[in-house]
Amino acid sequence: SVAYAILTWLWWRALAVRRQIDWPILLTAALLATLYGISDEIHQLYVPGRAGRLADVFFDASGAVGMILLIRWVAWLRTFPEAVILSADRSDSHIL
């Protein structure tokens, strides 16, 4: 799951040349990571001692979705750093 989150981040960096955080780019990155997970599970069907499982694809996809949500959350936090700093300054003045 963590590996597919990292893979999604790498796909996003490759697709978003200007580091834009648009849903189409993020979803494409997650889709590509998930497709790789599907291909890995299909490959495991042909490896002795291994088994391709649908549950593993869901775990891989959850890592990909988790990463796009993390990217969006960090972008959202960066939209109002001044408000956070100003509210911290105001709360300090009440202490005095």
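A pocket, as the word is used in this tour, is an open set of points on a 1 Å grid over the protein atoms alone, with protein on both sides within 12 Å along at least five of seven lines, and its lining residues have an atom within 4 Å of a point. The model is predicted, so local features need pLDDT of at least 70 and side-chain atom pairs count only at pLDDT 80 or more, while totals for chains, interfaces and linings use all residues. Residues are numbered from 1 along each chain as its sequence is written, and side-chain values use heavy atoms, with hydrogens and water left out.

**The whole chain**

Begin with the chain coloured by secondary structure: there are 4 helices and 0 strands, where helices are DSSP runs of H or I of at least four residues and strands runs of E of at least two, numbered from the N terminus. Of the 96 residues, 23% count as buried, that is, under 20% relative accessible area with a 1.4 Å probe and protein chains only, whereas exposed means over 50% and partly exposed lies in between.

**The largest pocket**

Next select Trp9, Trp12, Arg13, Arg19, Ile21, Leu70, Ile71, Val74, Ala75 and Arg78, which line the largest pocket. The elements that give two or more residues to this lining are α1 (2–15) and α3 (54–77), and α3 gives the most, with 4 residues. The volume of the pocket is about 210 Å³, taken as the space filled by probe spheres set on grid points that are joined across faces, edges and corners.

**Arg19**

Stay with Arg19, which sits in the loop between α1 and α2 and has a phi near 55°, a positive value in a residue other than glycine. Most residues other than glycine have a negative phi. Arg19 counts as exposed because its relative accessibility is 51%.

At 36% relative accessibility, Gly66 counts as partly exposed.

**A nonpolar surface patch**

Finally, select Leu31, Leu35, Ile38, Ile42, Leu45 and Tyr46, which form a nonpolar patch on the surface with about 630 Å² of accessible area together. Such a patch joins nonpolar side chains (Val, Leu, Ile, Met, Phe, Trp, Tyr) within 5 Å, from residues with over 30% relative accessible area and no salt bridge, a salt bridge being a side-chain nitrogen of Lys or Arg within 4 Å of a carboxyl oxygen of Asp or Glu. Areas come from the Shrake-Rupley method with a 1.4 Å probe.

Terms used
Patch = residues over 30% accessible without salt bridge, like charges linked within 9 Å, V, L, I, M, F, W, Y side chains within 5 Å. 1 Å grid on protein atoms, 1.4 Å probe; cavity = no way out; pocket = protein on both sides within 12 Å on 5 of 7 lines; lining within 4 Å.
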